[in-house]
Amino acid sequence: MNIIVCIKQVPDTQDIRINPETNTLMREGVQSIVNPFDMYAIEEALRIKEKLGGKITVICMGPQQADSALREAVSMGVDEMVLMCDRAFAGSDTWATSYTLAKGIQKLGKFDLIICGKQAIDGDTAQVGPGIAATLDIPQVTYVKKTEEIKEDMARFEKMTEEGFEVIETPLPCLITVVKEINIPRLPSLKGKIRAKQAPVTTLTAKDIDAEPEKLGLKGSPTVVKKVFTPPKRTGGQILQGETNEVVAKLVEALKDMVVAAGKT
């Protein structure tokens, strides 16, 4: 089983900075972590490998500092790591990111399964995984909460829905995105940390993946962030105090006053 795990290094939620010129996230020099949902993807790949054998390759698109995210995955037990790093990739939206990662995966050769976290916590779009599957023209199952069975040429997963879950059977190769209910990520071992420090990282540039330049980075992104701002804090508000019946009466009167005021405008 040849498994590829796509991960993203995201800013620590307490330290988000925006480039005022491009309205894109600033990543260099910012404290970063592995996207939490991707940790479940790594863990699921490790569990599948422990049952079926094979190899796990983790791939990440980002600046040079994303190397640390890849090494964290290796410290958990991943076999190989690939960093897609090129200034041509900068400013990519989900469309351009999906295209770039798909080209990188094609460069790596044959695979059976691609696993992604359901979404990144910075953009929250949940589009990159499905975008990779669409670019590679392979089946996809999103929001996977359980791997039921994987054979040589098929796999069956439980997919989370709003009402419960669905059981989806799909041929391989395919792509899945996973939710946090699927497992509990393991902690890196000391042996794993030592191995991660010494492990080689393969770097792929735009030239290496034979990408079409007009589909990369800001130039290849059909969506553009026009403005990023912090909404003003809400003002006003009223705290009603007293016994329940008294508070309810006050609330009803307040709502009446609001409706009347709105009718006059």
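Visitor: Leaving aside its neighbours within four places in sequence, with which residues is Ala133 in contact?

Guide: This is a predicted model, in which local features need pLDDT of at least 70, side-chain atom pairs count only at pLDDT 80 or more, and totals for chains, interfaces and linings use all residues. Residues are numbered from 1 along each chain as its sequence is written, and side-chain values use heavy atoms, with hydrogens and water left out. Contact means heavy atoms within 4.5 Å. With neighbours within four places in sequence set aside, the contacts of Ala133 are Ile138, Pro139, Gln140 and Leu175.

Visitor: Is Ala133 buried or exposed?

Guide: Ala133 lies in helix H4, residues 128-136; helices (H or I, at least four residues) and strands (E, at least two) are DSSP runs, numbered from the N terminus. Buried means under 20% relative accessible area, exposed over 50%, and partly exposed in between (1.4 Å probe, protein chains only). Because its relative accessibility is 1%, Ala133 counts as buried.

Visitor: At what angle do helices H1 and H2 pack?

Guide: Two packed helices are described by the angle between their axes and the distance between the axes. Axes are lines fitted to C-alpha atoms, for helices over the stretch in contact, and angles run from 0 to 180 degrees between N-to-C directions. The axes of H1 (residues 36-52) and H2 (residues 67-76) are 10 Å apart, and the angle is about 35°.

Visitor: Which residues of H2 make the contact with H1?

Guide: On the H1 side, the contact is made by Met39, Ile42, Glu43 and Leu46. The H2 side consists of Glu72, Ala73 and Met76.

Visitor: With which residue does Asp79 form a salt bridge?

Guide: A salt bridge is a side-chain nitrogen of Lys or Arg within 4 Å of a carboxyl oxygen of Asp or Glu. For Asp79, the closest N and O atoms are 2.9 Å apart, and the partner is Lys49. The pair links distant parts of the chain, 30 residues apart: Asp79 in the loop between H2 and strand E5 (80-84), and, in helix H1, Lys49.

Visitor: How many residues apart in sequence are the parts that Arg156 and Glu169 tie together?

Guide: Arg156 forms a salt bridge with Glu169, with the closest N and O atoms 3.1 Å apart. Since Arg156 lies in strand E8 (residues 154-160) and Glu169 in strand E9 (residues 165-171), the pair ties together parts whose separation in sequence is 13 residues.
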